[in-house]
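Biologist: I have some questions about the labels on this model. Please set each value against its rule.

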Amino acid sequence: MAKKQFKAESKKLMDLMINSIYTNKEIFLRELISNASDAIDKLYYKSLTDDSIKINKSDFKIGLSIDKNNKTLTITDNGIGMTKDELETNLGTIAKSGSEAFKSTNKKADDIDIIGQFGVGFYSAFMVASKIEVISKAYGSDESYKWTSTGIDGYDIAKSSKEDYGTTITLTIKDSTDDYDYEEFLSEHKISSIIKKYSDYITYPIMMNMTHRELKENSENEYEDVTREETLNDMIPIWKRTKSKIKDEDYNTFYSDKFFDYESPLKVIHNQTEGVVSYNSLLFIPSHPAYDFYTKNYEKGLQLYSNGVLIMEKCAELLPDYYNFVKGVVDSPDLSLNISREILQQDKTLKTIAKSIETKITKELMDMRSQDRENYEKFFKVFGANIKFGVYDNFGVNKDKLKDLLLFTSSKTKKLITLQEYVDNNKEQDKIYYCCGESLDKVDNLPVVESYKDKDIEILYCTDYVDEFVLQTLINYNDKKFTNIATSESDLSTDEEKEQIKKHNESAENMFKTMQSAIDVKEIRFTNKLKKHAVCLTSKGNVTIEMEKVINAMPTDEQVNAEKILEINENHELAKKLESIKDEEELKRYAKILYAQARLIEGLPIDNPTEITNLICEELAK
Ligand code: ADP
C-alpha cells in the first residue's frame with residue numbers, strides 16, 4: 001500500500017527537523033511529555049463533566065521506558081488517545097500552533113530560529129529518531145491504530161491491538177555520529193535529567209525504571225543492580241513552589257515551553273496571595289508581541305487552574321483588554337472545577353481575582369518605569385499602544401490608573417518622558433504643550449514648533465495616530481491643560497504683542513477677504529509666531545489637522561474637516577510683498593500658492609496640483 005503523504009508545510013518543517021543542526025535536540029522529550037500531559041488533562045476534564053467516566057486522578061500517569069537492545073525510547077500515557085481520523089489529522093499535519101506560525105513568518109529563518117521560535121511539537125522527535133511509531137486508542141473506542149513513519153516520505157496507518165486507552169509512542173533512536181551522540185537518549189540518567197529540566201512541573205507522575213548499583217543485602221562489599229520504578233518529576237507546578245527557590249532560568253524555561261516564545265519574558269510577576277480569595281498567579285510580560293498579536297485571531301487570556309488542574313486554556317475575563325499581551329497562569333482552590341464558561345463569567349471569585357491581577361500588573365509596570373527605565377522603554381515601544389488604548393477606551397474610565405504609564409518624546413532631549421517628568425521640568429507653566437505629526441523629524445520641523453523652541457519651551461511630540469485622542473481624553477494632568485500648539489488655543493505672545501498683531505490684521509482685512517475667496521479656509525491672518533517660515537496652517541474647533549488626517553485615512557465613510565487657519569508670518573518679506581499687491585487676481589493666485597505650501601508642510605494632500613504647479617511656474621517666470 002502506498003504511503004500517505006504529509007501536508008506541504010509539515011514536509012518542509014520535518015525536513016528541517018530531520019536535517020537539523022539545532023543543538024538543543026533534547027527538547028523533543030519536553031514536547032512529547034507535554035502532549036501526553038495535555039491528553040490526560042483532556043480525559044480528566046471530560047471525566048469531571050461526564051459521570052459515566054470513572055477514573056481517579058491518581059490513576060493517571062506517563063510512562064517512559066528504554067530498550068537499549070532495540071534502541072528505542074517509549075513514552076506512554078493513559079490520556080484521551082486518538083481515533084484513526086485524529087491520528088491522521090493531528091500527526092499528518094504539523095502542530096497547529098506551529099504551522100500557523102510557520103506559515104505566517106515570511107522571513108527566511110534558519111532552522112534554529114524556527115525550532116526555537118515555535119512549539120513544533122511532535123515532529124521535533126524526528127531530530128533524534130529514525131522511525132516513530134504511535135499506537136493509540138481513543139477513550140471509549142474499541143479500536144486502536146498504529147501510525148508509523150520514517151520521516152519525509154510519508155506515513156502508514158494500520159489497525160493495532162492496544163488493550164487500554166491512551167497513546168504509546170516508540171522512537172527508534174538514530175545511531176550516534178561523529179557530530180552527535182544520539183544514543184545518549186538511551187541513557188536513564190540523561191532522560192531523567194531532561195525530565196527534571198523541562199518537565200518537572202507536569203502535574204502527572206512521569207515514571208521510569210531506573211537501575212542503581214546498590215550494596216547487596218547482608219553484604220559489605222558485594223554490589224548488585226537494582227531496578228525500581230521511580231517518579232522523575234516533582235509534580236508541584238512552578239507557581240506553587242516557594243518563590244525564593246525558583247531561579248530565573250526556571251521561570252524562563254516554563255514560559256518558553258508553555259507559551260511557545262523563544263525569547264525570555266521582559267518581566268515575570270509571581271504572586272502567592274492568601275486572603276478573602278486565595279490564588280497563585282504567574283504572569284509574564286513578553287519581550288515582543290505574539291506572532292498573531294495583531295491579527296483578529298489573537299485571543300487574550302490566562303490559563304486557569306483549580307488546585308493544579310487546568311479548567312480553562314484562555315480565560316479572557318482575567319485580563320482587561322489593554323493588558324491583553326500578558327501571558328500566564330492563575331490557580332485558585334476557591335474556584336469550582338465543574339464550572340461552565342457562562343457561569344464563570346459571572347463568578348464573583350473570578351472577578352475578585354481579575355481585579356487583583358490588574359492591580360498587580362499596573363503596579364509592576366509602574367515599578368519598572370521608576371526602577372528599570374531602560375526595560376520599561378523597551379516595553380513601551382512594544383506595548384505602549386495598548387496603554388494608550390486603555391486610556392481612551394470606554395470614554396476614559398481607566399485613564400487615571402494608566403496615565404502615569406504613558407511616555408512621550410520631549411522636544412528638548414528627544415527622549416521619552418512621563419507626564420509627571422514634564423510637569424516637574426516645567427513647574428512655572430500652567431499648560432502642557434504638545435504637537436502631532438507623522439514622525440519626530442516632521443514634527444520637529446513644523447513652522448509652529450519654531451517659536452516654542454526659540455523660547456526654550458518643552459513640547460511633547462506625538463507621533464502615534466492615537467496620541468491626540470489620548471491627550472484629549474485626559475484633558476489635563478495635575479491641573480495643567482494639554483494644549484496643542486497647532487491650534488488657536490495656544491498663543492505665547494504678550495498683551496502688547498497681541499494688541500499689535502490685532503491691529504495689523506485689522507488693517508489687512510480687505511486683502512484677506514479677497515484671498516479667502518480663492519481658498520477653502522476658515523480664516524487668514526498675520527502671525528508673530530513664526531521666524532523663518534512664511535506660512536503655517538493651524539486649526540480651531542474640536543477637530544485638529546492631525547485628527548482630520550487620521551480620521552479620513554480610516555477605512556470608514558466618515559470624513560471630517562478641520563477648521564483651518566492660514567497664518568502668514570508678518571515679519572517675512574512675503575507679508576510686505578502681499579500688502580503691496582493691488583491686483584485682486586494676483587492676490588488670489590498668491591493665496592492659492594501659499595495655502596498649497598502650508599498644506600504640504602502639514603502633510604495634507606493638494607486637490608489641484610496641476611493648477612498650483614502652473615501658478616508657481618507663472619510666478620517664477622515673472
Ligand atoms: P500541538 O501539541 O502543538 O498541538 P503536536 O504536533 O505536538 O502539536 O501534536 C499535534 C496533535 O496531536 C495534538 O494537538 C494532539 O491533538 C495530538 N496528540 C499528540 N500527542 C498526543 C497524545 N499523546 N495523546 C493524544 N493526542 C495527542
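Biologist: Why is Asp-225 called partly exposed?

Modeller: Asp-225 has a relative accessible area of 49%. Buried means under 20%, exposed means over 50%, and partly exposed is in between (1.4 Å probe, protein chains only). Therefore Asp-225 counts as partly exposed. This is a predicted model, where local features need pLDDT of at least 70, side-chain atom pairs count only at pLDDT 80 or more, and totals for chains, interfaces and linings use all residues. Residues are numbered from 1 along each chain as its sequence is written, and side-chain values use heavy atoms, with hydrogens and water left out.

Biologist: What makes Arg-213 and Asp-225 a salt bridge?

Modeller: Their closest N and O atoms are 3.0 Å apart. The rule asks for a side-chain nitrogen of Lys or Arg within 4 Å of a carboxyl oxygen of Asp or Glu. The pair meets that rule, so it is a salt bridge. Arg-213 lies in strand E7 (residues 206-215) and Asp-225 in strand E8 (residues 223-231), so the pair ties together parts that are 12 residues apart in sequence. Strands are DSSP runs of E, at least two residues; helices are runs of H or I, at least four; both are numbered from the N terminus.

Biologist: Which class does Arg-213 fall in, buried or exposed?

Modeller: Exposed, because its relative accessibility is 60%.

Biologist: What links Arg-228 and Glu-214?

Modeller: Their side chains form a salt bridge at 2.9 Å, N to O. Arg-228 lies in strand E8 and Glu-214 in strand E7, so this pair joins parts 14 residues apart in sequence. Arg-228, at 39% relative accessibility, counts as partly exposed. Glu-214, at 26%, counts as partly exposed too.

Biologist: Why does Glu-619 count as buried?

Modeller: Because its relative accessibility is 17%. Glu-619 lies in helix H21 (residues 609-621).

Biologist: How do you know that the side chain of Glu-619 makes a polar contact with the side chain of Lys-622?

Modeller: The distance is 3.1 Å. A polar contact is a pair of N or O atoms within 3.5 Å; within protein, one must be able to donate a hydrogen and the other to accept it, and residues adjacent in sequence count only if both atoms are side-chain atoms. The pair therefore qualifies.

Biologist: What makes Lys-532 and Glu-450 a salt bridge?

Modeller: Their side chains meet at 3.8 Å, N to O.

Biologist: How many salt bridges does the structure hold?

Modeller: The structure holds 43.
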